[in-house]
Amino acid sequence: MTIRWHCLPFESFPPLILYDVLRLRSEVFVVEQNCAYQDIDRQDPDAYHLLGYNEAGELAAYARLFDAGKCYTEASIGRVIVAPPFRQYGLGRELMRQALAHSDALFGPQPNKIGAQQHLEAFYNGFGYEQCGPMYVEDGIPHIPMRRA
């Protein structure tokens, strides 16, 4: 499977890309995870958006990238998501490799902090993240702060 990666600031989104992003985030973070929360959180305009489209033009993977000072004192990656039909291809790992590479290219190499769903701790450990604070519950889901030097 070939994925085409695009990294765009919010103001460059054509309406159909915005629709793809909001549909995928709602499909997974609200419906699949059974979590009624405000996904449109006023942070999208401050982010770069990493989009992975397959050959058929379907949004297969997505993440938001923030410079230091936007979410945390460090740079940050959030809303990391792989669409359900594409999860069996190891796309989550490629998404994180792309997100880290794009973050470094956009903001320069620097520490990166995330708020990870606790059950994904081992996944993020594989990218050099380590838990850096106590578990907390956000929107009914256990999370942990993690930092990559």
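Helices (H or I, at least four residues) and strands (E, at least two) are DSSP runs, numbered from the N terminus. This is a predicted model, in which local features need pLDDT of at least 70, side-chain atom pairs count only at pLDDT 80 or more, and totals for chains, interfaces and linings use all residues. Residues are numbered from 1 along each chain as its sequence is written, and side-chain values use heavy atoms, with hydrogens and water left out.

View 1. Let us start with α2, whose 17 residues reach 24 Å from first C-alpha to last, close to the 24 Å expected at 1.5 Å a residue (1.5 Å times one less than the number of residues). Its buried residues (under 20% relative accessible area, 1.4 Å probe, protein chains only) are L91, G92, L95, M96, Q98, A99, L100, S103 and F107. After α2 comes G108, with a positive phi near 85°.

**View 2. The largest cavity.** On a 1 Å grid over the protein atoms alone, a cavity is a set of points where a 1.4 Å probe fits but cannot get out, and lining residues have an atom within 4 Å of a point. The structure holds one cavity of 30 Å³ or more, and the largest has about 40 Å³ of space (the space filled by probe spheres set on the points, which are joined across faces, edges and corners). A75, L100, S103, D104, Q110, P111, N112 and R148 line this cavity. Helix α2 (residues 91-107) gives the largest share of that lining, three residues.

**View 3. The largest pocket.** A pocket is an open set of points with protein on both sides within 12 Å along at least five of seven lines. The largest one has a volume of about 970 Å³. Of its 39 lining residues, F29, R79, V80, Q117 and Y124 are closest to its centre. Elements giving two or more residues to the lining include α1 (15-32), β3 (59-66) and α3 (121-125), while β4 gives the most, with seven.

**View 4. The whole chain.** Stepping back, the protein chain has three helices and eight strands, which run β-α-β-β-β-α-β-α-β-β-β from the N terminus on. The C-alpha trace spans about 40 × 35 × 30 Å along its principal axes. Buried residues make up 41% of the 149 in the chain. A UniProt unreviewed entry places the feature "domain: N-acetyltransferase" at residues 8-149; such annotations may be inferred rather than shown by experiment. Over residues 8-149, the chain is 28% helix and 30% strand.

Technical notes. Buried < 20%, exposed > 50% of the residue type's maximum accessible area, 1.4 Å probe, protein only.
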